[in-house]
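Subject: Structure handover and findings

Dear colleague,

Please find the structure below, followed by an account of what turned up when I went through it. I would be glad if you read the two side by side.

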Amino acid sequence: MQEVMLLLLVIPLLSAFAGLVVGQKAGRGAARVSFIGSVIAFAVASVLLLARVVGEADLTAGLPGGWPLFRLDPLGALMAWVIAGISLIVHAYSVRYMAEESGLPRYFMLLDLLVMVLYAMVLAADLLTLVVAWNLIGILLFFLLGQNVNSRSASRYAGWSLLTFRLGDLPIILAAALLVEAFGTFDLAEIFAALQADPHRTTLGGYRLAEVVGALISISAFARSAQFLLHGWLPYTMEGPTPVSALMHAGIVNAGGFIINRFAPVFIHTSDVLHWLFLVGLVTAIAGSVLMLSQNDIKKSLGYSTMGQMGFMVMECGVGAFSLAIYHLIAHGIFKGTLFLGAGGIINEARRSDGVPKDPLYGFIVERKVGGRRPPWLLMAVMTLAIPSAILGLAHWMVDQQILQKQGAIVLLFFGWVTGAQLLFSTYKMKTANLPRLLALIIFSFVIVVVGYTLVSHVFDLFLYPDPAMRSALYAAANIDLVWFEIVLVAVAVIVVLGWLLAYYADQKGGFRSSHLTSLWLRFYALVSREFYIPDIYGLLSHAVLKFAERANRHLRWL
Amino acid sequence: MDWLKLLPLAVLLPLFPASMLFNWVERRLDAPWAKAALMLVWAQAGIGALLWLAPEVPGFVSIWAVGTALFYAVRALVLNEATAWAAFMFVSLLSLSWLLPVGQLGLGQAHLYMLLAILPLLLLNLLSGMMIARFGSAYLGLVGGLVHRYPRLSTLIALSVLAAMATPPFPLFFYLIELISVLSLGLSIGVLAVWYLWGWAGVRFLQRLVLGPDVCRGSKISDLSRGVTWAMVAIYVFLGLFGLWEAFEMVEVG
């Protein structure tokens, strides 16, 4: 089976260079070679995942002399399979989409090399392989995003993404240096075992090693997963080829969730890092969603949607639901990849007709027309509060009866409840003609989502972290003081309910008339439409550095 | 403190402002191959002198060395001439030699490592010579968008720049990791900042020279010959393999 694992890395490498050679003579030959390679790689990745599912033990393939190189554990096998699947779709799409583009052999070579490096990252058994792969992803993505070499803005934003990625490379290199200095080995399994034996080990400055390494890995994850303040590159890299955008949003930007999971044995020994993850993720999720809603460009909107989803993924890690974050990144990869690949077609269609059937829902959302009768508000209030609670409680109780003893799980339940309640609350405003039908459909779809999400994430939990002690340790590391936890939970619930009451009040009065509130709203809208001025601030900072360099060179006469 | 040892070293392993001397000499030379030869001799003399004199490097000199590396890396961001860019990157790289654990390095090993670290910049100088022979200059902006018509030249320039900005699997990447693992936290952060700036400088260099719209449109100038291309690719393959061997040694030692 070691040979099969190595085959997964060799196939894209061979396909990259074979495609380049074939492509010199017949450009489209490169596409065919590359596509065939991705089909074989997907088959190999499926075999590897199947082997892990049926209970094959961890496999390690390395060089004689102690360099472990690659290891097939549940996380690696699952991620490799996801990457192989997304790569297959992206390759199939690229064969036709890129057919008329110049530099086809170069494109497929870079694509194959990128996929190989992604495999190397998820299967890395040692810190050096991991750091090398982590670093190379940014380099290869830079060239792929700049595939349209005539476009200055494509090249500019490709450079921006590489520099953000490189910023994320610095902490992981520092973390690797600290771990190697502490334990004298690069092997991840040995490092985690040594840390487990001595979790209170300190490092430079007397800080706890686990805490410092956890913080550094988190910062790397933030840069890779476009967390707030490090997100600017993501929505601006849309001038790259659409299949590259799909691969990036489905298989690269979510590497932050992967790396946090890879270092889970470090995070269980941290005390504050997971709380920071939660906060950063929360802010990113909110900022990304707000920015997404304010865009009028479909691809940019998808870019900000990815940012919001990545925030949610990091937040899940922050509450200790590590395997849920993996499920989330896979689910997001599939739906976001599909949306990107379909975006061009949708734009094309929308130019002729928006294609939305003019039913009551269309009338409400697009034309802002309301019709029919409103449901009784008391009934809706009871249903809004009770139904999501019942569905969520039942679904979670089915998979784990101790669920309410985990703070992280309660936080996620709370989010689920808010989402479900918001959904039902919206129906109150819709004034539908057939209320029971609409409510039944909403509740049914909510049940499907919750049950699906709960069951699948539970299966992921058992597969990725089979040791119950590890699962509990992850949730325990995310815990905060119980009194504070309850205060925060009640405060957030009160804020949400007040928000609903405010929305209800505004709806009854036909909107707020206060000029003060209108002006505040317009200011907020201006802030959002300028993307919180973050790209401008980065622009000013880099401009200042370049101006300084120019002045220094002029004064020192280029010596 | 052994000033008599430190002063000549400040010129050979350039510390600002003594670093200006190297740049002054480099400017006096016209031929890019002569510039490459100067870099080779200067670096080898510097590392040889460091090992021979083996001075006790005071803490402030290490900080000064990192400061010099940062300063030249920042200045390289806006350079428009390929040989000048290589010279600034060279000074930035060479000044970090002050941080090397001198006692742990053998003489031959140190000379070899230095050669492999600066080799991409030497090759970039030679490629600049080929550009000057073809276009009359290696000035970014006047020459640009090379990838459209000169894929071989572009590939080699891209490889040189990637190796110079310490990208794996080239040796400089692994040297930096080794260096960081023996430095204090403050100096490590300084070295990482230099590494980041090299990346920024490299990206800007590639954006203006290799990528972007075709500036040389209409020219009938030929690309590099197959022979030269393969010879230089072979050097980069060797560099990459040596980098991996270096990585293997690191893992073995732990």
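A salt bridge, as the term is used here, is a side-chain nitrogen of Lys or Arg within 4 Å of a carboxyl oxygen of Asp or Glu. By that rule A:Asp58 forms a salt bridge with A:Arg52, with 2.4 Å between the closest N and O atoms.

Before going further, some conventions: this is a predicted model, in which local features need pLDDT of at least 70 and side-chain atom pairs count only at pLDDT 80 or more, while totals for chains, interfaces and linings use all residues. Residues are numbered from 1 along each chain as its sequence is written, chains are lettered from A and ligands numbered from 1 in the order in which they are written, and side-chain values use heavy atoms, with hydrogens and water left out.

Salt bridges

A search of the whole structure finds twelve salt bridges over all chains. In the pair already mentioned, A:Arg52 is buried at a relative accessible area of 11%, whereas A:Asp58 is partly exposed at 44%; here buried means under 20% relative accessible area, exposed over 50%, and partly exposed in between, with a 1.4 Å probe and protein chains only. In another pair, A:Glu211 and A:Arg208 meet through their side chains at 3.4 Å, N to O, and in this case the acidic residue A:Glu211 is buried, with a relative accessible area of 17%, while A:Arg208 is partly exposed, with 24%. In chain B, B:Glu26 forms a salt bridge with B:Lys35, the closest N and O atoms being 3.5 Å apart, and both of these residues are buried. B:Glu26 and B:Lys35 also belong to a network of salt bridges that includes B:Arg27.

The interface of chains A and B

In chain A, 47 residues are in contact (heavy atoms within 4.5 Å) with 49 residues of chain B. The area buried between the two chains, that is, the accessible area (1.4 Å probe) that two parts lose on being put together, summed over both, is about 4,400 Å², and carbon and sulfur atoms give 79% of this. On the side of chain A, the residues that lose the most area to chain B are A:Leu163, A:Arg166 and A:Leu559, together 16% of what that side buries.

Strand S2 (67–72) and helices H5 (127–145), H6 (152–183) and H22 (534–555) of chain A each supply at least two residues of the side that touches chain B, and H6(A) gives the most, with 15 residues. Helices (H or I, at least four residues) and strands (E, at least two) are DSSP runs, numbered from the N terminus.

Chain A as a whole

The secondary structure of chain A comes to 22 helices and two strands, and 53% of its 559 residues count as buried. Its C-alpha trace spans about 75 × 60 × 55 Å along the principal axes. Among the contacts in chain A with a separation of 6 or more, 79% are between residues 24 or more positions apart.

Individual residues

A:Gln147, in the loop between H5 and H6 of chain A, is buried, with a relative accessible area of 4%. Its side chain reaches the backbone oxygen of A:Gly103 at 3.2 Å, and, not counting residues up to four places away in sequence, A:Gln147 touches A:Met98, A:Ser102, A:Gly103, A:Arg106, A:Tyr107 and A:Pro241.

A:Phe414 is in helix H17 (residues 407–430) of chain A and counts as buried at 14% relative accessibility. Leaving aside neighbours within four places in sequence, A:Phe414 is in contact with A:Leu489, A:Val492 and A:Ala493.

A:Leu293, by contrast, lies in helix H12 (residues 273–293) of chain A and counts as exposed, at 69% relative accessibility. The C-alpha atoms of A:Leu293 and A:Tyr304, eleven residues apart along the chain, are separated by 8.6 Å.

With best regards

Methods: Polar contact = N/O pair within 3.5 Å; in protein donor to acceptor, adjacent residues only side chain to side chain.
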